[in-house]
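My notes are kept in the order in which I checked things.

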Amino acid sequence: QRSLHAVRAGQLRQLRGRTAKPLIAIGGVQRANVAEVLAAGADSVAVIQAVCSGDIARNCRELLAAAA
């Protein structure tokens, strides 16, 4: 069984191939999957919970490191 995340990443790859317009991933993006989301073709991500849950400065540093 495929995970829901894997299906979304696959769909993002398909969309990336169909448009040159910017693709922004919104919803469900966390430190654990931000690199995969960007690798699948997102130009950027929108995160709220991943940043605002706990230590905001640390969360930002960790997200940026994971995305690099």
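The entries below cover confidence first, then packing, then the pocket.

Entry 1, confidence. I am working with a predicted model. I looked up the chain average and found a pLDDT of 87, with 90% of the residues scoring at least 70. By element, I found the lowest confidence in α1, where the mean is 77. The highest is in helix α4 (residues 56–67), at 96.

I listed the largest nonpolar core and got 12 residues, among them A9, L12, L23, V37, V51 and L63. I noted that α1 (4–18), α2 (34–39) and α3 (49–52) each give at least two residues to this core. I then looked up the contacts of L23, leaving out residues up to four places away in sequence. L23 touches L12, L15 and R16, and also G41, A42, D43 and S44.

I located N59 in helix α4. Is N59 buried or exposed? I count N59 as buried because its relative accessibility is 7%, under the 20% limit. Its side chain reaches the backbone oxygen of V51 at 2.9 Å. Beyond four places in sequence, I found N59 touching A50, V51, S53 and G54.

For the largest pocket I noted a volume of about 260 Å³. I found 15 residues in its lining, and R8, L12, A25, G27 and V37 lie nearest the centre. Which element gives the largest share of the lining? It is α1, with six residues. Both α1 and β1 (24–26) supply at least two lining residues. I also noted again that α1 is where confidence is lowest.

Conventions. Residues numbered from 1 in each chain as written. Predicted model: local features only at pLDDT ≥ 70, side-chain atom pairs only at ≥ 80, totals over all residues. Heavy atoms only, no water. Core = buried A, V, L, I, M, F, W, Y, C linked by side-chain atoms within 4.5 Å. Buried < 20%, exposed > 50% of the residue type's maximum accessible area, 1.4 Å probe, protein only. Helix = DSSP H or I, 4+ residues; strand = E, 2+ residues; numbered from the N terminus. Contact = heavy atoms within 4.5 Å. pLDDT = per-residue confidence, 0-100. Polar contact = N/O pair within 3.5 Å; in protein donor to acceptor, adjacent residues only side chain to side chain. 1 Å grid on protein atoms, 1.4 Å probe; cavity = no way out; pocket = protein on both sides within 12 Å on 5 of 7 lines; lining within 4 Å. Points joined across faces, edges and corners; volume = space filled by probe spheres on them.
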